[in-house]
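Q: I would like to go through this structure with you. Could we begin with its core?

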Amino acid sequence: LLDTLQTSESRDAGNPLKRRETRKKASDALANKVHQFDPRRGQRMRECGAVLHRDVCKGCGTEKFRLVRRCMDRFCPSCASKRSGDLARRYAERVNKVMAGRYGYHLVLTVKNTKELPDYTLFIALMKRMRKHEFWERFGGIIGGLYSVEVTKKRGGTWHPHFHVLMFTREPLPVLPDGQWTIAFNQAVSDVWRELTGGESYIVRGEQYDGRAVEMVKYLAKPSDVAAMAVDDIEALFRWTRGKRMVQTFGELFGVADEEQAERGPCGCEACGGTSFERTVMHFDRKHRRYVAVDVFDVEADVQDEADEQSTGPP
């Protein structure tokens with residue numbers, strides 16, 4: 001589903017309304033499955049994004065879209081972009097400060113595929129042991145960073161849990177001209193990971209962090225691909241993640257942001273500072289699977305709500 005969404009959004013890159021329609025259709029498909037084991041959660045997801053506001057600045061013509069009702073479910077396709085964008089903006093400034101004079105890297109750590117989801121506490125403990133391992137002392141240690149947990153379902157019916165880690169060291173790690181870790185160093189990290197996992201897991205991949213804080217954090221914060229799973233698998237994954245943070249910070253980044261918090265966006269036009277807008281209220285028509293306009297009226301900036309995403313150019 002994630003690949004399908006990315007392909008669709010790439011094709012409709014210049015049409016923000018089409019992007020939201022694509023997400024809403026995906027949300028409805030997932031909601032139908034969730035409703036089978038959690039009717040209340042499924043209903044919230046189904047209602048999410050049913051009403052959309054399109055505000056056009058009267059000063060410069062810049063438009064922005066906002067979903068009136070959000071479920072903010074971590075798996076909801078309609079809310080995924082909003083949640084990731086908010087998290088990225090909160091982390092970006094602090095990540096750049098920590099990186100000053102330091103060296104940043106993106107590390108992927110995978111564990112052996114299993115028929116059942118691993119014990120969450122033991123799974124997270126592996127990550128803590130890895131970042132505190134004496135192996136990193138020769139590079140001044142891992143002084144801070146963040147990691148996300150991602151779980152996918154493989155075709156063979158096994159779960160594939162893994163970590164995406166953004167980490168900072170005092171001394172540089174061996175990398176190739178293209179930014180990838182050298183084969184020898186990657187193998188050394190793999191040996192450490194194999195040791196910590198009792199010889200069961202050894203696949204790791206590291207590369208130099210390119211400094212694009214927002215892109216990296218948004219990538220780390222992306223939700224799992226669940227809509228294509230069977231209902232029983234979705235229920236199992238929901239239970240496994242209930243009450244857990246899928247993005248966590250450590251070291252010098254600890255406590256910078258909370259995954260569940262939200263920031264409030266600017267009230268006026270981000271392009272020209274205008275305060276007058278024309279608002280089009282749109283409802284999602286499930287029969288035709290698209291948003292349709294039901295009302296148009298003028299509003300002022302003091303009643304503007306949080307923007308769904310960054311403003312786009314004039315329509």
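A: The largest nonpolar core has 49 residues, a nonpolar core being a set of buried Ala, Val, Leu, Ile, Met, Phe, Trp, Tyr and Cys residues joined through side-chain atoms within 4.5 Å. Buried means under 20% relative accessible area, exposed over 50% and partly exposed in between, with a 1.4 Å probe and protein chains only. W136 and F163 have the most contacts inside this core. The model is predicted, so local features need pLDDT of at least 70 and side-chain atom pairs pLDDT 80 or more, while totals for chains, interfaces and linings use all residues. Residues are numbered from 1 along each chain, and side-chain values use heavy atoms, without hydrogens and water.

Q: Which helix gives the largest share of this core?
A: Helix 5 does, with six residues. Helices (H or I, at least four residues) and strands (E, at least two) are DSSP runs numbered from the N terminus.

Q: What does W136 touch?
A: Not counting residues up to four places away in sequence, W136 touches M130, R131, G141, I142, M167, L173, W181, F185 and V189. Contact means heavy atoms within 4.5 Å.

Q: Turning to F297, is it buried or partly exposed?
A: F297 is partly exposed, with a relative accessible area of 32%. This residue is found in strand 9 (residues 290-300).

Q: Which residues is F297 in contact with?
A: Leaving aside neighbours within four places in sequence, F297 is in contact with F277, E278, R279 and V281. F297 and E278 are 19 residues apart in sequence and 5.9 Å apart in space, C-alpha to C-alpha.

Q: What follows helix 4?
A: G101 does, and its phi is positive, near 80 degrees.
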